[in-house]
Amino acid sequence: MSLLPNSDIFSPFFYAGQLDKEKFRRFERLAELFTWIAVILGLLILQLPFAVYLNKQVIYIIDAAIGVYALIWYRLIPKRFSGRLKMLLSNLIIITFIAFIVHNTSGVQGYLIFLYFLAVLSVVMTLPLIYIAAATSYVIFLIFLEACLTVGSFETNISLAVLHSWALLLVVFFARFNVGQASLAKKREEEIILGREKTVGDLKDEFVYIISHELKQPATAIKGYIDTILSKYSGSMNVNTSEILNLTNINSDRLSKLLDDLLDISQIEKGSLRINMTDVSLKPIISEVLATLLLDAQSRRISLVQKGTEEVAAKADADRLKEVLTNLVSNAVKYTPEGGKATVEVKKEGSFAKILVSDNGIGIGEEEQKHLFEKFYRASNEKTEAVKGSGLGLFIAKQLVEKMGGEIGVISTVGQGATFYFTLPRYRW
Ligand code: ADP
């Protein structure tokens with residue numbers, strides 16, 4: 001097992017400094033505040049009696065320069081410059097200012113060396129390792145440069161520079177470790193919460209799947225009985241019984257459709273929806289779907305028309321394709337007033353087959369078109385509300401079409417009908 005970089009010991013070092021934009025902005029605001037406090041406190045502290053060398057004039061100038069810098073950096077430079085590189089640059093500039101302050105006090109022999117530590121700490125807490133290495137190296141370089149410039153014994157100055165560098169490395173090491181530990185702990189906590197939410201979501205999908213699956217069997221049996229009674233005994237029934245049975249039949253169809261939709265949805269959400277792609281000829285599939293919807297359409301005096309004679313083959317799952325088509329055509333029938341017309345047409349469009357389902361029904365408004373393919377969405381107007389539906393059909397159709405490698409869409413004007421279309425990759429092109 002490798003010790004780097006996934007090992008538990010080292011992971012905090014690599015994990016810290018992964019701040020998002022919002023946190024960066026907050027850190028920047030904090031850095032601005034900190035700079036102002038440092039400038040003001042610095043000026044006050046300079047008034048204390050020190051028994052060491054201090055070039056006060058130069059330090060006043062540097063203090064003022066830091067103030068001007070803070071004003072330009074935090075207030076005048078546009079926010080689009082925010083980011084890691086900007087933060088590193090800002091810290092390198094501060095470090096350079098500190099170098100002047102250190103040089104104008106007692107150099108490596110003075111106390112103000114600790115200012116470097118503060119600047120490096122800010123880098124350690126917010127930036128990735130490579131930036132920390134850059135900032136730390138820069139500070140160590142400045143400390144050694146100062147050792148050469150500070151008056152007094154050269155050996156003593158170099159020894160002090162080594163001591164400061166060692167202390168700096170220790171601070172970097174421990175600060176990075178602690179910040180990393182805290183960040184990792186927070187990340188783990190978030191993962192646990194996410195995991196819990198996911199488990200609840202999975203349970204809900206599983207629950208919907210099991211219930212729909214269990215209800216499907218009795219629903220199919222009831223439908224079978226009603227069909228049998230209607231076909232065998234309808235002649236011997238009085239009008240009332242026959243009407244009741246027909247209504248029961250319609251409701252049983254709706255129940256089956258709803259259960260099928262719920263089963264599809266739970267499979268889509270679980271990611272277990274299986275698609276069996278084969279080469280399919282579109283014309284016979286369209287004819288078959290139109291034939292199954294014919295009775296329904298006739299009962300509403302809607303004519304179903306299949307347009308075009310050209311044979312087009314596509315790559316698709318035949319059953320899923322029928323499901324999509326059935327949904328679009330039955331919507332065309334549902335949302336078209338009596339006496340209207342629904343047309344299905346296939347076209348070749350480059351390497352795709354395009355299937356269009358048009359009607360001259362109630363149409364759909366522009367705002368509503370944006371939401372049509374969302375789960376449970378139903379347009380809210382009197383005409384739609386008069387029709388029974390769950391708002392699941394188009395959501396499922398979109399998922400299925402996309403799974404088969406195509407796209408789905410709609411063109412419509414209120415009151416003038418709608419054309420739903422979807423594409424499928426063509427088999428021969
Ligand atoms: P459902 O028809 O069960 O409500 P769908 O997902 O199939 O669910 O359709 C969602 C909504 O899209 C419908 O409630 C209806 O408002 C609108 N819609 C779908 N097809 C048509 C159409 N051909 N003409 C007008 N509106 C339609």
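The following legends describe close-up views of a predicted model.

In this predicted model, local features require pLDDT of at least 70 and side-chain atom pairs count only at pLDDT 80 or more, whereas totals for chains, interfaces and linings use all residues. Residues are numbered from 1 along each chain as its sequence is written.

**View 1. Surroundings of the ligand.** The ligand is surrounded by 22 residues, of which Tyr335, Ala379, Gly389, Gly393 and Leu394 are the closest. A residue is taken as near a molecule or strand if its C-beta atom, placed from the backbone, lies within 6 Å of it. Two elements, α10 (318-334) and α13 (393-403), each give two or more residues to this shell. Helices (H or I, at least four residues) and strands (E, at least two) are DSSP runs, numbered from the N terminus. The shell comprises 11 nonpolar, nine polar and two charged residues. In this classification Ala, Val, Leu, Ile, Met, Phe, Trp, Tyr, Cys and Pro are nonpolar, Asp, Glu, Lys and Arg are charged, and the others, Gly among them, are polar.

**View 2. Crossing of α10 and α13.** The axes of α10 and α13 come within 10 Å and cross at roughly 145 degrees. Axes are lines fitted to C-alpha atoms, for helices over the stretch in contact, and angles run from 0 to 180 degrees between N-to-C directions. The crossing of α10 past α13 is left-handed; this term applies if the near helix is turned anticlockwise from the far one by less than a right angle, and right-handed applies if it is turned clockwise. From α10, the contact involves Arg320, Glu323, Val324, Asn327, Leu328 and Asn331, and from α13 it involves Gly393, Ala397, Leu400 and Val401. Two residues are in contact if their C-beta atoms, placed from the backbone, lie within 7 Å. Classed as above, the contact of α10 with α13 has five nonpolar, three polar and two charged residues.

**View 3. The largest nonpolar core.** This core has 42 residues, and Val324, Leu328, Val329, Ile355, Val357 and Ala397 touch the most other members. A nonpolar core is a set of buried Ala, Val, Leu, Ile, Met, Phe, Trp, Tyr and Cys residues joined through C-beta atoms within 7 Å. A residue is buried if 20 or more other C-beta atoms lie within 10 Å of its own, exposed if 12 or fewer, and partly exposed in between, with C-beta atoms placed from the backbone. Elements giving two or more residues to the core are α8 (239-270), α9 (282-299), β3 (313-316), α10, β4 (341-349), β5 (352-359), α13 and β7 (418-425). The greatest contribution, seven residues, comes from α10. Setting aside residues up to four places away in sequence, isoleucine 355 touches Leu282, Val344, Val346, Tyr421 and Phe422. Another core, of 27 residues, lies apart from this one and includes Ile62, Ile113, Val123 and Val124.

**View 4. Tyrosine 427 and its contacts.** Tyrosine 427 lies in the segment after β7. It counts as partly exposed because 16 C-beta neighbours lie inside 10 Å. Apart from residues up to four places away in sequence, tyrosine 427 touches Asp279, Ala313, Ala314 and Lys315. Tyrosine 427 and aspartate 279 are 148 residues apart in sequence, yet their C-alpha atoms are 6.2 Å apart in space.

**View 5. Two loop residues with positive phi.** Most residues other than glycine have a negative phi. Arginine 301, in the loop between α9 and β2 (303-307), has a positive phi near 50 degrees. Arginine 301 is exposed because 10 other C-beta atoms lie within 10 Å. Phenylalanine 376 is found in the loop between α11 (366-369) and α12 (382-385), and its phi is positive, near 65 degrees. Phenylalanine 376 counts as exposed, since it has 9 C-beta neighbours inside 10 Å.

View 6. Leucine 44 belongs to helix α2 (residues 21-45) and counts as exposed, with 8 C-beta neighbours inside 10 Å. Lysine 334 lies in helix α10 and counts as buried, with 20 C-beta neighbours inside 10 Å. The C-alpha atoms of lysine 334 and glycine 361 are separated by 8.8 Å, at 27 residues apart along the chain. Valine 179 lies in helix α7 (residues 154-233) and counts as partly exposed, with 19 C-beta neighbours inside 10 Å.
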